[in-house]
There are 4 protein chains.
Amino acid sequence: MQKSSLTTGLSSVLRGRDQLGQESAGIVTSNGACPPIYTAHKGMGLVSTAFPPEALLKLRYGNLGICHTRYSTTGISELQNCQPFVVDTLHGKIAVAHNGELVNAHALRKKVMRHGVGLSTSSDSELITQLLALTPPMEELDAPDWVARIKNLMSETPTSYSLLVMFKDVIYAVRDPYGNRPLCIGRLVPISKLHSPAAEEEDTEGWVVSSESCSFQSIGAKYYREVLPGEIVQISKHGIKSLSVVPRPEGDLPAFCIFEYVYFARPDSIFEGQMVYTVRQRCGRQLAIEAPTDADVVSTVPESATPAALGYAQQSRLPYIEVLCKNRYVGRTFIQPTTRLRQLGVAKKFGALTDNFAGKRVVLIDDSIVRGNTISPIIKLLKEAGATEVHIRVASPPIKFPCYMGINIPTKEELIANKPEFKDIAGYIGADSVQYLTVEGLLSAVQEGIASHQEKDKMISPSNKSSKRVGHCTACLTGKYPVELEW
Amino acid sequence: MQKSSLTTGLSSVLRGRDQLGQESAGIVTSNGACPPIYTAHKGMGLVSTAFPPEALLKLRYGNLGICHTRYSTTGISELQNCQPFVVDTLHGKIAVAHNGELVNAHALRKKVMRHGVGLSTSSDSELITQLLALTPPMEELDAPDWVARIKNLMSETPTSYSLLVMFKDVIYAVRDPYGNRPLCIGRLVPISKLHSPAAEEEDTEGWVVSSESCSFQSIGAKYYREVLPGEIVQISKHGIKSLSVVPRPEGDLPAFCIFEYVYFARPDSIFEGQMVYTVRQRCGRQLAIEAPTDADVVSTVPESATPAALGYAQQSRLPYIEVLCKNRYVGRTFIQPTTRLRQLGVAKKFGALTDNFAGKRVVLIDDSIVRGNTISPIIKLLKEAGATEVHIRVASPPIKFPCYMGINIPTKEELIANKPEFKDIAGYIGADSVQYLTVEGLLSAVQEGIASHQEKDKMISPSNKSSKRVGHCTACLTGKYPVELEW
Amino acid sequence: MQKSSLTTGLSSVLRGRDQLGQESAGIVTSNGACPPIYTAHKGMGLVSTAFPPEALLKLRYGNLGICHTRYSTTGISELQNCQPFVVDTLHGKIAVAHNGELVNAHALRKKVMRHGVGLSTSSDSELITQLLALTPPMEELDAPDWVARIKNLMSETPTSYSLLVMFKDVIYAVRDPYGNRPLCIGRLVPISKLHSPAAEEEDTEGWVVSSESCSFQSIGAKYYREVLPGEIVQISKHGIKSLSVVPRPEGDLPAFCIFEYVYFARPDSIFEGQMVYTVRQRCGRQLAIEAPTDADVVSTVPESATPAALGYAQQSRLPYIEVLCKNRYVGRTFIQPTTRLRQLGVAKKFGALTDNFAGKRVVLIDDSIVRGNTISPIIKLLKEAGATEVHIRVASPPIKFPCYMGINIPTKEELIANKPEFKDIAGYIGADSVQYLTVEGLLSAVQEGIASHQEKDKMISPSNKSSKRVGHCTACLTGKYPVELEW
Amino acid sequence: MQKSSLTTGLSSVLRGRDQLGQESAGIVTSNGACPPIYTAHKGMGLVSTAFPPEALLKLRYGNLGICHTRYSTTGISELQNCQPFVVDTLHGKIAVAHNGELVNAHALRKKVMRHGVGLSTSSDSELITQLLALTPPMEELDAPDWVARIKNLMSETPTSYSLLVMFKDVIYAVRDPYGNRPLCIGRLVPISKLHSPAAEEEDTEGWVVSSESCSFQSIGAKYYREVLPGEIVQISKHGIKSLSVVPRPEGDLPAFCIFEYVYFARPDSIFEGQMVYTVRQRCGRQLAIEAPTDADVVSTVPESATPAALGYAQQSRLPYIEVLCKNRYVGRTFIQPTTRLRQLGVAKKFGALTDNFAGKRVVLIDDSIVRGNTISPIIKLLKEAGATEVHIRVASPPIKFPCYMGINIPTKEELIANKPEFKDIAGYIGADSVQYLTVEGLLSAVQEGIASHQEKDKMISPSNKSSKRVGHCTACLTGKYPVELEW
C-alpha cells in the first residue's frame with residue numbers, strides 16, 4: 001500500500017511520511033516577484049538523497065514553494081513522473097502537486113488528448129495541470145481567472161485530490177468535495193513560541209500546508225486547521241483566505257479515507273480535530289470489547305500497532321509486554337548471498353524477547369492484515385520461542401476491495417480476505433485464534449472523537465457547517481465507494 | 001559553442017560526438033509490436049554514465065529506437081530537457097529527437113499555448129511534439145496521417161531542424177528544407193563485410209540514421225547517403241523509403257552550417273560526399289595561399305587544427321612539427337586548491353616541446369578564434385620557451401554574428417572580432433602577426449570537393465536535383481541568415 | 001559512547017550492533033586449504049554500504065572467516081584502521097579482529113617499536129598482530145605454536161580484549177581473563193530446527209562466534225554458550241574445543257562491562273545466561289523501589305529506555321503510556337539550510353503525542369544521562385505540550401569516570417555528573433525532579449539473574465568454576481578499575 | 001605494461017603520468033613542526049577521483065609532503081597497497097613512496113619476517129619502510145641517524161628504486177646506484193618568472209621532486225636537475241643538499257630504463273638532459289636509415305608514435321599524413337551489450353581518414369609491438385579502407401624478456417617476439433612488411449643527445465663524474481640485466 005503527500009509554505013520545507021519508503025521527491029519555489037523566478041528540483045530516493053545541498057541552495061531565494069514526496073508504487077517510477085508538475089502557459093508558469101487519484105482520470109485524459117495535447121507522463125498531476133491550462137480557452141491579453149479554472153476543474157472531477165497549485169505569487173490549497181485525502185494548514189511562529197499555547201495569530205511568520213500535521217513540528221510550525229472538503233484556500237503574502245467551498249451532491253457525506261487513521265498517518269498527526277494515536281488506542285479498546293481473549297499478556301507487532309495494543313491492554317486489564325525487538329538496519333539493506341539467509345525470513349528482521357513470554361499465552365495486536373505473509377512467520381517465531389498460545393487481534397476490519405482513490409492496495413486476488421484460506425485464517429497463519437475489529441467498531445472509534453472536537457475548531461462560516469458532517473470512506477472494507485467509478 | 005546530435009536505428013545504438021563535453025543523453029526504443037512496448041531512459045552526463053548497464057538491458061528487446069545526446073550549453077540543463085521527448089496521444093505514443101533550433105520557436109510556443117497547452121520544458125523537441133499532436137485536429141476513431149502532420153509542421157517552420165520522429169513501428173528521418181543541420185543514413189552490414197567495398201545492398205541487416213557518419217563505424221554500419229534538405233525518409237521493417245522532398249522558397253539555396261566543416265564535426269565524418277578532414281586540409285592550403293608567412297616551421301594547436309596545419313605545411317613547403325603536448329587528465333579534472341595553480345592557466349593543459357622550436361619562427365595554425373582567451377597564453381608559453389616569432393594563421397574567418405540555428409555561439413559582445421582590440425589583434429594576443437582565412441577562401445575550400453562528388457552520389461530522383469544545388473550558411477561570419485529571423 | 005563488535009564463523013556472516021551508527025566494517029575469509037586462499041574486504045559505512053555484492057561474491061569460497069564492525073568514534077576513522085588486520089608472516093598469514101582496548105597499549109607499542117617494527121595504524125589490532133608475530137622469535141623451519149603465542153600475549157596484557165585470531169584453517173576465539181568484553185558462541189543449525197528446543201548437538205552445521213548473541217538469530221544460528229573469561233576456544237573443521245583458561249591474579253573478580261547491560265547491547269542479547277531486556281526491566285523495577293514518584297503516568301525516551309519504563313510501571317502500578325513518536329528519517333539525514341531548522345533541535349526528531357499526557361504528571365524513564373543535552377529539550381517539549389510535571393528517573397547511576405577499556409565515553413569534564421550544575425540537575429535540565437538508580441541497585445538488578453542461571457549453563461570443567469564468580473566492571477560509575485591503569 | 005611515479009614538494013602537488021590509466025593515488029603531508037602533524041589521504045582511481053576536495057582541504061596546512069600514483073597492474077590493487085606507506089616508530093612517523101621493484105624483495109621480506117615483523121601488504125614500500133625502522137637496532141633515547149639507515153638500506157639492495165622518504169621536517173630523495181628509475185628536481189618559482197630563462201636561483205620558492213619533469217610545468221616549477229644514480233638529496237626548509245652518492249660496484253655502468261624513452265615517459269619530459277620527444281624523433285630517423293621503405297606516405301598509430309613518425313618522414317622525405325582519428329570516449333567506456341559491438345573491436349576506437357590514403361602505399365610507424373593484438377586490426381582497417389600496401393616500422397627493438405625492475409611486461413610466453421609466429425610476423429599481422437629498430441640503433445638514438453648535454457648540466461662535484469658515464473638497461477630487449485637476479 002502506498003500514498004503520496006504534499007507540503008507547501010513560505011519556507012523551503014521538506015517532509016515525508018516516514019513509516020513508508022519514499023521513492024521520489026520534488027520541490028518548486030517562486031520568489032513571488034514580477035516576473036517571478038522559479039527554481040525546481042526533482043530527484044529519486046529519500047528526501048535527503050533527492051535533495052543534495054547544492055540543490056537546496058538554489059532554492060533559498062524563493063519565498064513560496066510547493067513540494068511533493070511519492071512513495072513506492074507498483075507503477076513505473078521514472079523521474080518524469082516526479083511532482084510538482086510545472087508548465088509554462090500564456091500567463092506564466094503554473095506548478096501543481098497532487099495527492100490522490102482522479103476516479104475519472106481515463107475520461108479526462110481522453111478529453112485532453114482529443115484537444116490535441118500530448119501527455120508526457122502517466123501522472124494525474126500533469127493531467128490536472130493541462131486541464132487548468134486548457135479550459136476555458138486562454139486569452140492572450142488578459143490574465144486568466146485561476147480560481148474560476150480551479151472551480152471548473154473541480155466540477156469535472158469529484159474526487160480524489162488534495163492539490164497545491166502555485167502561480168507566481170500565490171498558492172491555492174484545494175481539497176476535493178469529499179475530503180478524501182487529508183490537507184491541513186499550519187502557522188510558522190517564532191521558535192520561542194513554538195510550543196506555547198499563548199502564541200497569538202499575530203505571531204504568524206508564514207503559512208504552511210501539508211498532508212499531515214506531524215510535519216509542522218519538524219519545521220517549527222503550529223497546527224492551525226484543516227482545509228475543509230471542497231474548500232479552496234488562497235495563500236499569499238497577504239496571509240490565508242478561504243475563497244470558496246465547492247459543495248458535494250445533495251445528500252452525500254464526506255468521505256475521508258479511514259485508512260489514514262488505521263495505517264498511513266504518523267501517530268502524532270491530527271485529522272478532524274483528533275490525534276491519530278488516540279484513535280488507534282480507541283480501536284484497541286474497542287477490539288478488546290468486541291474480541292476479548294483468555295490470555296496472559298498483550299503485545300504488538302512493532303511499531304505501528306503499539307497504540308492499539310496499549311489500548312487493548314488497558315481495556316482488557318492484561319499486562320502489556322514487548323515480544324519482538326526490531327533489527328533496524330538488517331531488514332532493509334542486508335544482502336542475502338546464501339540460501340540459508342533467504343530462508344531465514346522474518347528472523348532477520350525481529351529478535352524474539354523470549355524471556356518476556358516463554359510459557360505464556362500471548363494476544364498479539366496487528367493494525368491490519370493485507371496478504372497474511374508477514375504475520376505468519378512472526379507467530380511461528382513466537383511459538384518456537386516458547387509462547388504457549390498466540391491469539392491475533394487485528395485493530396481494523398478485513399480489506400476486501402481495491403482502492404481507486406490514491407492508495408495502492410494489492411489486487412483483489414492478492415488480499416487474504418478474498419482467498420479461500422480466509423475461512424480458516426487462524427489455521428492458515430498458525431494462530432490459536434484470529435479476530436478482526438468490525439466496520440462499525442472502527443467507525444465508532446474514529447467518529448467518537450470528532451463530535452467532541454467539532455465545536456472547538458475554527459469555523460470558516462456558518463454556511464460551511466454542512467461540510468463538517470461526519471462520514472468516512474470505507475470502500476476497501478465495504479465496497480461502498482463514495483462516487484460511482486468510471487473506467 | 002555547442003550542438004546536439006541524433007542517432008536512430010534498428011539496434012540500441014549510442015554515439016556521441018566526442019570532441020565536445022557531453023551533457024545528457026536519452027534513448028527510447030520500441031518493439032514495433034501492436035500495441036508497442038516503449039522503453040525509455042534518460043540520464044545526465046556522458047553516454048557511459050547516463051546509461052548504466054541495467055538501463056541498457058531494459059532496452060534490448062526494442063528493435064527500433066531513437067537516441068539523443070546533448071552538449072554543454074549556457075542554458076539550464078535539467079534532466080527534463082533531455083530528449084527524446086515522448087508523449088501519449090489519442091493514437092499512441094510519439095517520440096521526437098531534435099537537432100537544431102527553430103527560428104520561429106517563440107511564435108510557435110505562443111501558438112501552442114494559446115491553444116491551451118502548457119509546455120513543461122523550454123525545449124524545441126517538446127514544442128515539435130505538441131505541434132505534431134495538435135494540428136490538424138485529432139480524430140478519435142481513425143489513425144492520423146503522421147506524414148501529413150510532419151509536412152504541416154515543415155510548412156510552419158523553415159529551419160533549423162533535423163528530426164527523428166518515432167511511432168510504434170516506424171521512424172521518420174526529417175531534414176529541414178535548408179538542410180541546415182546534418183543527417184545521414186547508414187546500413188548495418190555483417191561485420192565481415194564492414195570494410196569491404198563489395199558489400200551489396202542485399203547485405204543490409206538494418207538501417208541507422210545519425211547526425212554524423214563517423215558514428216556508423218563504431219557500430220558496424222556503412223555510410224549510405226545523406227538525408228536531403230527537405231526530405232522525409234521513412235524507416236521500418238520494410239526498409240527505407242524516401243517519401244517526399246519539401247521544397248525551399250523559389251530562389252533560396254541550401255544552407256548547410258559551414259561550421260560543421262570548420263569546427264564541430266569529427267574529422268572522419270562525411271558531409272555532401274566529402275570527408276571533413278579533407279576540407280580542413282584544403283582550408284589550410286587555401287590559408288597558405290592567402291596568408292603566406294616567412295617562418296621556419298608550421299604547427300598546430302592540438303588537436304582540432306592539425307589537418308589545417310598539415311595542409312598549410314604542404315602548400316607552404318615549410319616543415320610540420322609539434323610544439324605542444326596535451327596533458328590529458330589534468331585539464332579537465334584538476335582541483336585547484338591554491339592561487340598558484342589558478343594562475344598557471346594553460347601551462348596545466350599543455351607541455352611545451354621546447355627542443356622542437358627553440359630559436360625558430362613558428363606559424364601556429366588554429367581552427368578558429370572565438371574569444372581570444374585560449375590562444376594568448378599559448379603564444380606566451382611558446383615565446384618564453386624560445387620561439388623567436390609566433391605567427392597565428394586561422395583556418396576560418398572571424399566570427400562576428402550570433403547563430404540562431406542551434407549552435408550556441410557567445411553573444412556578439414563576447415566575440416573578439418567585435419571588440420575594439422580586434423584592430424590590433426596581433427598585439428592583443430601577443431602574436432607577431434595574425435591572419436584569417438577569407439569567407440571566399442573558406443567557401444571555395446568547402447565547395448571545391450562537392451562538385452567532384454556530386455555525380456557519384458546515389459540520386460533519389462531527377463526532380464530532386466535542385467535540392468543538391470550548392471549553398472552554405474555563413475551567418476556567423478557574414479550576418480546573412482538563410483531566412484528572416486523572427487523573435 | 002562507542003564500541004566495536006566481532007563475528008566469526010563458517011559462513012560469510014555480517015552482523016552489526018544496530019542501535020549504534022556503524023562506521024566501518026571488514027571481513028576476511030579463508031578456504032582452509034593448503035596453501036590457503038585469503039580474501040579480504042574492508043569498507044567504510046554501514047555493512048550494506050561497506051560490502052557491495054561483488055565484494056561478497058569474492059568471499060563465497062571461504063569456509064572460515066572473521067569480520068569486524070566499528071562504530072563512530074572521536075578518533076580518526078581512516079580505512080587503514082579497519083579491522084580485521086591481516087599480516088604475512090614466515091608461517092603464513094594471520095588475521096586478527098579485536099574488540100576492546102588494551103590498558104597497557106602504550107607500553108606494548110613502545111616494546112614493539114623498540115624491536116624495530118613500524119606500526120602503520122593506531123589500532124590495537126595491528127599491535128596484537130605484530131605482538132603475535134614477534135614473540136617468541138620466529139623460526140624459519142618449524143611451524144610456530146600459535147596457542148603458546150596467544151597465551152604469551154595474554155600474559156603481557158590483562159585486559160580489555162575479545163579476540164578472533166585466524167590462521168589458515170583455524171580460528172581462536174579469546175576473551176581476556178577479566179571477561180571485560182563479551183564473546184559468545186553459536187551453532188548453525190538446519191533452518192528447520194532453528195527455533196526448536198529439540199535441536200541436538202549433532203544437528204550443528206557450523207560454529208559462529210560473536211560479541212552479541214542477537215546476531216545469531218539473523219544468520220540462523222542458536223546460542224550455545226559464552227566464551228569464559230580467560231578462555232581460548234579453537235574452531236576448526238573438527239568443531240570447537242576449549243583449549244585453556246588463563247587465570248586472573250589471585251583474588252580478582254571477573255569484570256564484565258556493566259554498560260553492556262545498561263546501554264550498549266541489543267535487548268535480545270544474552271550475557272551470563274540472562275537476556276539484556278530482562279535485566280533492563282529489573283533495573284526499572286529497582287528504580288521504582290528506590291525512587292518512587294507521585295505521578296499519573298510512566299513513559300520512556302524511545303526506544304532504548306522502554307524495558308526499564310515498563311519495569312518501572314509494573315512495580316509502581318502506574319499506567320505506561322507513550323509520549324513521543326520518533327521521526328525516523330529526519331533526525332539522521334535532514335539538511336538544515338536555515339537558522340530556523342537549526343534552532344528546532346529535538347522537535348525535528350520527536351513528535352509529541354500530546355493527547356496522551358496533557359494535564360498529567362509524567363515520570364519519564366531514561367537509560368542514562370551522559371551530557372544532559374538531549375533530555376533537557378525533551379522535557380521542555382513535554383511541558384509545552386501540556387505535561388503538568390515531568391519527573392526524570394534514570395535507570396543507571398551517574399557516569400563520572402572515563403573508560404579505558406574500549407568504550408569511548410566523553411572526557412570527565414564533559415560528563416554532566418562532574419559539572420557544578422549537577423548539584424541542581426533537576427533545575428538545570430528543567431525537570432521537576434531527577435533521581436538515579438544506585439550502583440548497588442544496578443549491581444543487584446544485574447546479578448540477581450546470574451545466580452539462577454549458573455547451574456543451567458554448560459560447564460567446561462570443574463576447575464573453571466572459579467571463572468564464573470560474579471563481578472562486573474563499574475569503573476565509569478565508581479572509578480574502581482579492574483586493573484591498575486598504565487599510561 | 002605499467003609503472004608508478006612519485007612527486008614531492010613544498011606544496012600539495014598531485015601529478016600523474018597521464019598516458020596510462022591511473023589506479024590509485026596517495027599523498028601524505030607534514031607541517032614540519034615539532035611534534036609534526038601528519039595528514040594522509042589515499043584513494044582508488046584517478047587523482048581527481050582519489051582526492052575529493054575535502055580530502056585536499058585537510059592537507060593544506062602541510063608544508064612538505066610526498067605523493068604517489070600507481071598504474072594499473074596485473075596484481076591485486078587493494079587500497080592497502082596504496083602508497084605512501086606511513087609507519088610510527090620510536091622516533092616519530094616515517095613515510096615512504098617508492099617507484100621501482102627491488103630485485104631481491106623476496107629475500108628481504110624473509111629477513112624482515114624472520115625478525116618477527118608481520119607484513120600487511122605485498123608492496124615494496126612497506127618492506128622498505130620496515131627495513132628502515134628495523135636496522136640497525138633502534139635506541140629509545142637518541143634520535144636515529146636516518147641517512148645512515150638509508151645508506152644501510154642501499155647497501156642491502158642494488159636496484160630498482162627511486163624513493164621519497166619523509167620524516168617530520170625533511171624529505172630524502174633517493175635514486176638507486178644504477179639509476180634505473182627516473183627522479184628529478186624542480187624549483188618552484190614565482191609564476192611571473194615561470195617561463196623566463198632569467199629566473200635566478202634566489203627566486204626559488206620551494207623544491208619539488210618528481211619521476212618526470214613534465215609534472216613541474218603543471219604546478220609552476222622549473223626543471224632543475226636529475227637526482228644522480230646512487231645520490232641522496234636532502235630537502236628541508238634550508239633548501240636542497242646533496243648528501244652522498246653511493247657508488248655502483250667497480251665497472252658497472254648506469255642502467256636507466258631505456259623504455260622510459262621508448263614508451264613510458266610523456267614526450268615533454270627531460271631525462272639525462274634531453275627531451276623525450278627529441279629522442280623519439282631520432283629513433284624515427286634512425287629507423288628510416290635502417291629500414292627504408294618504398295612507399296607513398298608515412299603515418300603514425302596515434303598518438304604515442306607521432307614523434308617517431310615525423311622523424312621517419314623527415315629522414316625518408318616521404319610526406320607525413322594522418323590515417324586514423326581517435327574516438328576518444330568510446331574506447332574506454334563503451335558498454336558492449338551485443339555480439340556485434342564486441343566483434344567490432346578496433347573500429348570502435350579509431351576512425352579511418354580514408355581520403356588521406358586510399359590508393360596509397362602507407363608506412364605506419366608504431367612505438368613498440370608487445371603482443372601484436374592491436375596492430376593487426378589497424379592494418380586490416382587501413383587495407384579495407386583502400387591502402388594498397390601497409391608497411392609496419394617499429395621504433396624500438398622486439399621485446400623478448402621480462403622486466404624485474406618495476407615495469408609490468410607480459411610474461412615471456414605472451415610476447416609476440418617469443419612466439420613461433422614471429423618468424424613471419426608480417427604475415428601474422430597482415431602487413432606487407434615489418435621491420436624493427438635495432439638495439440644498437442636505439443642506443444645510439446638515445447645516447448647521441450646525452451654527450452652533447454653533459455657539459456651543460458649542473459655538476460655535483462668532480463668525484464661524481466663517474467656516475468654520469470653513459471649506460472642504459474636494455475634487459476627486456478637483450479636479456480642482459482644490470483644485476484644478477486635473485487628469486
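**Helix, core and contacts in a predicted model**

Helix H8 of chain B covers residues 276–290, which makes 15 residues. From its first C-alpha to its last it reaches 21 Å, close to the 21 Å expected at 1.5 Å a residue. The model is predicted, and the span of H8(B) is computed from its atoms. Of the 15 residues of H8(B), 13 are buried, so the helix is largely enclosed by the rest of the structure. Burial here requires 20 or more other C-beta atoms within 10 Å of a residue's own.

The largest nonpolar core holds 512 residues. Those with the most contacts inside this core are Leu382(A), Leu382(B), Leu382(C) and Leu382(D). Leaving aside residues up to four places away in sequence, Leu382(B) touches Val323(B), Ala352(B), Phe357(B), Val362(B), Ala387(B) and Val390(B).

Chain A is assigned domain 1 (4–252) and domain 2 (282–441). Between these two domains, 11 residues of domain 1 are in contact with 5 residues of domain 2. The domain 1 side of this contact has 1 nonpolar, 8 polar and 2 charged residues.

Between chains, 24 residues of chain B are in contact with 24 residues of chain A. On the chain B side, the elements giving two or more residues are strand S5 (85–89), helix H3 (105–114) and helix H4 (124–134). S5(B) gives the most, with 5 residues. By class, the side of chain B that touches chain A divides into 13 nonpolar, 8 polar and 3 charged residues.

Technical notes: Residues are numbered from 1 along each chain as its sequence is written. Chains are lettered from A and ligands numbered from 1 in the order in which they are written. This is a predicted model: local features need pLDDT of at least 70, side-chain atom pairs count only at pLDDT 80 or more; totals for chains, interfaces and linings use all residues. A nonpolar core is a set of buried Ala, Val, Leu, Ile, Met, Phe, Trp, Tyr and Cys residues joined through C-beta atoms within 7 Å. A residue is buried if 20 or more other C-beta atoms lie within 10 Å of its own, exposed if 12 or fewer, and partly exposed in between; C-beta atoms are placed from the backbone. Two residues are in contact if their C-beta atoms, placed from the backbone, lie within 7 Å. Domain bounds come from an automatic or database domain assignment. Ala, Val, Leu, Ile, Met, Phe, Trp, Tyr, Cys and Pro count as nonpolar, Asp, Glu, Lys and Arg as charged, and the others, Gly among them, as polar. Helices (H or I, at least four residues) and strands (E, at least two) are DSSP runs, numbered from the N terminus. The expected span of a helix is 1.5 Å times one less than its number of residues.
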